[in-house]
Amino acid sequence: MTGGEDDGAMLKRAFDLHTAGDFAAALAIYEELLEEAPNHPDALRLAASAKRSAGDLAGALALFERLTAEESVQAEVWFNYGNALADAGRFADSIAAYQKAIAGGNGTAEVYANLGIAEVGGGDHHAAIAAYHTALGLDPRHKTAMHNLGNALVEAGDLGGAIDILRRTVAVYPDLAEARYNLALALLGNSHFAAGFRHYEWRWRTEKFPARPRHTEVADWDGRPYPGKTLLVHAEQGLGDTIQFVKLLPLARSLGGRLVLQVPD
């Protein structure tokens, strides 16, 4: 112990550092506590969480394995262990951990939403849909469950159902770019082109969209005639999309003056 500080005070100091994002400093205190009491449940649980947040997934899993080896395991521990297992791509183990959390009394919307994510990771979209529906029964506005239910319904072939839930999602969370983007894909897949391409403009705001905006120094074309002006049309994603849509250039050219096409060599 540092300067006669008891373990409760040390744990609070570590937790304050942990919640402030200083994982290294928090872990130093957790590890000091574990040197004195190797099975200290709170220090183990919080150290596992801090290691996961710091990117040390293997270290987090090792601590969770120690925690879950005990006879009495809190439902919250199973939930957090399930999250770490899902991060590691161990979806079957993650599903089992979430089910133990639920059996232990932690049947919250968050647990069911994360169970749905693990089910998708394991390839069972129908089980994921059931989990997301359960989450929404507990919390009808749960953001993750709403959005991911739409994606799972797409994968299950229910485009109509996906469009319905994704429309509800963007009505509740209008700035959720990923939901707008996935709604666009569902609409386009269901031949709703005008609405689909309107929502598709949100692709630039999504975190994992593969392309980045280019030529941002000039205004976007709004589709109106442009006599006496130059329209720059450029490839954005793959060659397949470029070949698919380049056939529309004569239509665009018919609305104005000069047209410049920029594509990969």
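1. In this predicted model, helix α9 (residues 143–155) and helix α10 (residues 159–172) have axes that come within 8 Å and cross at roughly 160 degrees. Angles over 145 degrees count as roughly antiparallel, and α9 and α10 are therefore roughly antiparallel to each other. The crossing in which α9 passes α10 is left-handed.

2. The contact of α9 with α10 is formed on the α9 side by M146, H147, L149, G150, L153 and V154. From α10, the residues that take part are L159, G161, A162, I165, L166, R168, T169 and V172. By class, the residues of this contact comprise nine nonpolar, four polar and one charged.

3. Helix α9 also packs against α11, at an angle of about 25 degrees and with the axes 10 Å apart. Since angles under 35 degrees count as roughly parallel, α9 and α11 are roughly parallel to each other. The crossing of α9 and α11 is left-handed.

4. In the contact of α9 with α11, the α9 residues are H147, N151 and V154, and the α11 residues are E178, A179, N182 and A186. This contact has three nonpolar, three polar and one charged residues. H147 and V154 of α9 are among the residues in contact with α10, and H147 and V154 are also among those in contact with α11.

5. N182 lies in helix α11 (residues 177–189). Is N182 buried or exposed? The relative accessible area of N182 is 19%, and buried means under 20%, so N182 counts as buried. Leaving aside residues up to four places away in sequence, N182 touches H147, N151 and L166. H147 and N151 belong to α9, whereas L166 belongs to α10.

6. Which residues touch the most other members of the largest nonpolar core? They are Y30, F64, Y98 and L149, in a core of 58 residues. Helix α5 (residues 75–87) supplies the largest share of this core, with seven residues. Apart from this core lies another, of six residues, including Y181, A184, L188 and A211. In soluble globular proteins, nonpolar side chains tend to be buried together.

7. L149 links two of the topics above. L149 is one of the α9 residues in the contact with α10, and L149 is also named among the members of the largest nonpolar core that touch the most others. Residues up to four places away in sequence not being counted, L149 touches I129, Y132, H133, L136, T144 and I165. Of these, I165 is one of the α10 residues in the contact with α9.

Notes:
Residues numbered from 1 in each chain as written. Predicted model: local features only at pLDDT ≥ 70, side-chain atom pairs only at ≥ 80, totals over all residues. Heavy atoms only, no water. Axes fitted to C-alpha atoms, helices over the stretch in contact; angles between N-to-C directions. Helix = DSSP H or I, 4+ residues; strand = E, 2+ residues; numbered from the N terminus. Parallel < 35°, antiparallel > 145°, perpendicular 65-115°, else oblique. Left-handed = near helix turned anticlockwise from the far one by under 90°. Contact = heavy atoms within 4.5 Å. Nonpolar A, V, L, I, M, F, W, Y, C, P; charged D, E, K, R; others polar. Buried < 20%, exposed > 50% of the residue type's maximum accessible area, 1.4 Å probe, protein only. Core = buried A, V, L, I, M, F, W, Y, C linked by side-chain atoms within 4.5 Å.
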